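Here is a short briefing for a first look at a structure. Keep the 3D view open while you read.

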Amino acid sequence: MLDKIGIAKRIAQEIKDGTYVNLGIGIPTLVANYIPAGFNVVLQSENGLLGMGPFPFEGEEDPDLINAGKQTITTLPGSVVFDSAMSFGMIRAQKVDLTILGAMEVSENGDIANWKIPGKMVKGMGGAMDLVASAQHIIVAMQHVNKAGESKLLPACTLPLTGVNCVKKIVTELAVLSILPNGGFKLEERAPGVSVEEIKAATSGKLIIEGEIPEMNI
Amino acid sequence: MINKTVSSAEVAIADIKDGMTVLFGGFGLCGIPENCIAALVKQGTKNLTCISNNAGVDDFGIGLMLHQKQVKKMISSYVGENAIFEQQLLSGELEVELIPQGTLATRCLAAGYGMPAIFTPAGVGTEVAEGKETRVFKGKEYLLEMAFEADFALVKAWKGDTAGNLIFRSTSRNFNPIMAMAGKITIAEVEELVEPGVLDPDQIHTPGIYVHRIFQGKNYEKRIENRTTRSK
């Protein structure tokens, strides 16, 4: 079974050299730490920055320079800032190659819910609806089951949707799964030490298992 | 050049009246019009509809106005950091309309570009789409979203000149330039107010034609919401 860092490391393997990537809050943010050395990957922060650098050294924080999670960050040589309309313009126009975000639920046809729990949590969707509606490649980083032990990979989402038919791949502490064009979670890889049976038990949506399922190489 | 200078935040916002709709620049607490918010709190204007990406925190930004119960309705994309907000929402004192961040930005842009509406795929198939006109282009569905109509826009810039031309700094730019374009009356507060000719015309982000009043801001706190650092 993977911890959060393990999930981030596995997702980092999906990132290609020479691409623009938007990382959501939580586990996706950790992915930045595991992008292979020598790769030229430009991180987009939807509050208006391309070329997000690491956190500043203590004492060097700039209140005017934050990421979409409102964290203090730095720029890199070649970074550029722009306004929020241009930021979502480049997202909508599919200039950003890959979006990695968290989710509360994903359905077997690629629907995602991650912004609202009716009567309980009202935080808002931020930029997530724009990102999932336009991104060509969306990877979800999440736990396979919720705190109550219920599967988050469902036949249909029960929470208000963020987007429909959009998720292509999911990485959890148990597995890597892709979502097939006609629906269904196709099991691609198992986390180290996790059996196919355990993944089956934790997946409530349609799980497709073909042949031997390899263990992740992290 | 037309001189847009006013003497203070209090003078600039004096004609913002109860029940008006106001755009607020900023992302989180980054680049918010601190002086204008403080003046609105002092003036006590009520029943405002506030369009702002976020709702501040409990004791800063728009949170200060929520505390005084000055806000009737918030139109935002993310309001997660504010306990007063959640409390007023659940008690029914406050109305909220949550909209996708890109939709929020582009509705500002449409207003500033003189376009009545835009089409966006954000929110298709979700509750955001309820009651909205849709249209299919090249096999993909889009929502019709209207340009904002706001009485005032309050923005914060790094530098500005008395003609209203503005330059923003780093990611405090965010919603500020597009909201500046979207207000019927736009008020800009700046860290440094200069005479016309000082700013390089090639470097100006917001042309002064969009700005009706400008003033030299003071006592900027620039609070950091989420201070993250690494060790040397």
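Predicted model: local features only at pLDDT ≥ 70, side-chain atom pairs only at ≥ 80, totals over all residues.

Chain A holds an open sheet of 10 strands and an open sheet of 3 strands.

- Inside the order, β5 (residues 98-101) and β10 (residues 138-141) of chain A pair in the parallel sense.
- The pairing of β5 and β10 in chain A runs over 3 bridges.
- To find this pair in the view, look for A:I100, which stands opposite A:I139 in β10(A).

**The sheet of 3 strands**

- Here the order is β7-β6-β11 in chain A, again an open sheet with mixed pairing.
- β7 (112-113) and β11 (153-154) of chain A each have a single partner strand, so one side of each has no neighbour in the sheet.
- Strand β6 (residues 105-107) of chain A runs parallel to β11(A), and 2 bridges join them.
- A:S107 has A:L154 as its bridge partner in β11(A).

**Cavities**

- Rolling a probe the size of a water molecule over the atoms shows where empty space is left.
- The structure holds 4 cavities of 30 Å³ or more.
- The largest cavity has about 80 Å³ of space.
- What kinds of residues form the lining of the largest cavity? The lining divides into 4 nonpolar, 7 polar and no charged residues.
- Among the residues that line the largest cavity are A:L23, A:G24, A:I25 and A:T29.
- Others in that lining include A:Q44, A:S45, A:M52 and A:N67.

- The size of an interface is often given as the accessible area lost when the parts come together.
- Three residues, A:D64, A:K70 and A:V122, supply 18% of the area that chain A buries against chain B.
- In terms of contacts, 48 residues of chain A touch 50 residues of chain B.
- There are 6 salt bridges between chain A and chain B.
- In one salt bridge, the side chains of B:R169 and A:D62 meet at 2.6 Å, N to O.

Definitions and conventions
Residues numbered from 1 in each chain as written. Chains lettered and ligands numbered in written order. Heavy atoms only, no water. Pairing = 2+ DSSP bridges. Helix = DSSP H or I, 4+ residues; strand = E, 2+ residues; numbered from the N terminus. 1 Å grid on protein atoms, 1.4 Å probe; cavity = no way out; pocket = protein on both sides within 12 Å on 5 of 7 lines; lining within 4 Å. Points joined across faces, edges and corners; volume = space filled by probe spheres on them. Nonpolar A, V, L, I, M, F, W, Y, C, P; charged D, E, K, R; others polar. Contact = heavy atoms within 4.5 Å. Buried area = accessible area lost by both parts, 1.4 Å probe. Salt bridge = Lys/Arg side-chain N within 4 Å of Asp/Glu carboxyl O.
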